[in-house]
Amino acid sequence: MTARRRGRAARGGLAFIAVLFLGSALIRFGVGVGAAFARAPAEAAAECPADGGTMALLADLRAREQGLIEREGHLADREQAQNLAQQAIEERLADLIAAEEKLARTVAIADGAAEEDVARLITLYENMKPKEAAPLFAEMAPEFAAGFLARMRPDAAAAVLAGLEPKTAYTISVVLAGRNANAPKN
């Protein structure tokens, strides 16, 4: 063997021995770790020295944890109650909106019917002879009579006003003239 070969063989043997030592160390370390993990927590706690401060701190932490758990439960209950209340409010709001829409339709129908009735009365008064219509208008409140006369044809309204007593005709004329006095000019 040459010197080179001997040097290579010596280095290879040393590397092999180093690998064996490393493997042995890893096996021993693994056995020790496994034994440490295999111990029960109670055994580990039994080995720890228990002083009064540590145990009091542990009891205080457990009490705080229990308090937090209870508080979390109360908060969850409150959140659920708020969600139920919100849902009830939304349902009531939807019911109120539906009722408002129904009421608006009913009012529109009633207004339409009332308008038809007033239009029919106006046509009726326009078709009456002025001598027959004048006593009816004399009995009406001036504001009420003015409302009918304002919607009648001008010739029919003039004939009815001419058939009224002058004082009554004047009062109705003043109401008619002042009806739009407060209306905006622009």
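The points below go from the overall fold to the core, the aromatic rings, the salt bridges and the surface.

1. Basis of the note. This is a predicted model, in which local features need pLDDT of at least 70 and side-chain atom pairs count only at pLDDT 80 or more, while totals for chains, interfaces and linings use all residues. Residues are numbered from 1 along each chain as its sequence is written, and side-chain values use heavy atoms, with hydrogens and water left out.

2. Overall fold. The chain holds 7 helices and 0 strands, and its pattern along the sequence reads α-α-α-α-α-α-α; helices (H or I, at least four residues) and strands (E, at least two) are DSSP runs numbered from the N terminus. Of the 186 residues, 10% count as buried, where buried means under 20% relative accessible area, exposed means over 50%, and partly exposed lies in between (1.4 Å probe, protein chains only). Taking contact to mean heavy atoms within 4.5 Å, 61% of the contacts between residues at least 6 apart in sequence join residues at least 24 apart.

3. The nonpolar core. A nonpolar core is a set of buried Ala, Val, Leu, Ile, Met, Phe, Trp, Tyr and Cys residues joined through side-chain atoms within 4.5 Å. The largest one has 18 residues, and Phe-137, Leu-149 and Met-152 are those with the most contacts inside it. Two or more residues come from each of α3, α4, α5, α6 (154-163) and α7 (166-178), with α5 giving the most, at 4 residues. Leaving aside residues up to four places away in sequence, Phe-137 touches Tyr-125, Ala-145, Phe-148, Leu-149, Met-152, Val-160, Leu-164 and Ile-172.

4. Aromatic pairs. Rings of Phe, Tyr and Trp (its six-membered ring) pair if their centres lie within 6.5 Å, and planes under 30 degrees apart count as stacked, over 60 as edge-to-face and the rest as tilted. The count by this rule is 3 aromatic pairs. Tyr-125 counts as buried because its relative accessibility is 9%, and Phe-137 counts as buried because its value is 0%.

5. A pair within one helix. Phe-144 and Phe-148 have ring centres 5.0 Å apart and planes at 90 degrees, so this pair is edge-to-face. These two residues are 4 apart in helix α5 (residues 142-151), and therefore separated by about one helical turn. How do their exposures compare with the cut-offs: is Phe-144 buried or partly exposed? At 49% relative accessibility Phe-144 is partly exposed, whereas Phe-148 is buried at 6%. Tyr-125, Phe-137, Phe-144 and Phe-148 form one aromatic cluster.

6. Salt bridges. A salt bridge is a side-chain nitrogen of Lys or Arg within 4 Å of a carboxyl oxygen of Asp or Glu, and a search of the whole structure finds 6 of them. One of these joins Asp-60 and Arg-64 at 3.8 Å, N to O; these residues lie 4 apart in helix α3, so about one helical turn separates them. Asp-60 is partly exposed at 36%, while Arg-64 is exposed at 56%.

7. A bridge between elements. Glu-126 and Arg-153 form a salt bridge in which the closest N and O atoms are 3.4 Å apart. Glu-126 lies in helix α3 and Arg-153 in the loop between α5 and α6, so the pair ties together parts that are 27 residues apart in sequence. Glu-126 counts as buried at 14% relative accessibility, whereas Arg-153 is partly exposed at 39%. Separately, salt bridges that share partners join Glu-116, Asp-117 and Arg-120 into one network.

8. Surface. By the Shrake-Rupley method with a 1.4 Å probe, where for residues only the protein chains shown count as cover, the accessible surface of the chain comes to about 15300 Å², of which 62% belongs to carbon and sulfur atoms. Phe-16, Ile-17, Leu-20 and Phe-21 make a nonpolar surface patch of about 460 Å². Patches are made of residues with over 30% relative accessible area and no salt bridge, with like charges joined within 9 Å and nonpolar side chains (Val, Leu, Ile, Met, Phe, Trp, Tyr) within 5 Å. Ile-17 lies in helix α1 (residues 3-38) and is partly exposed at 43% relative accessibility.
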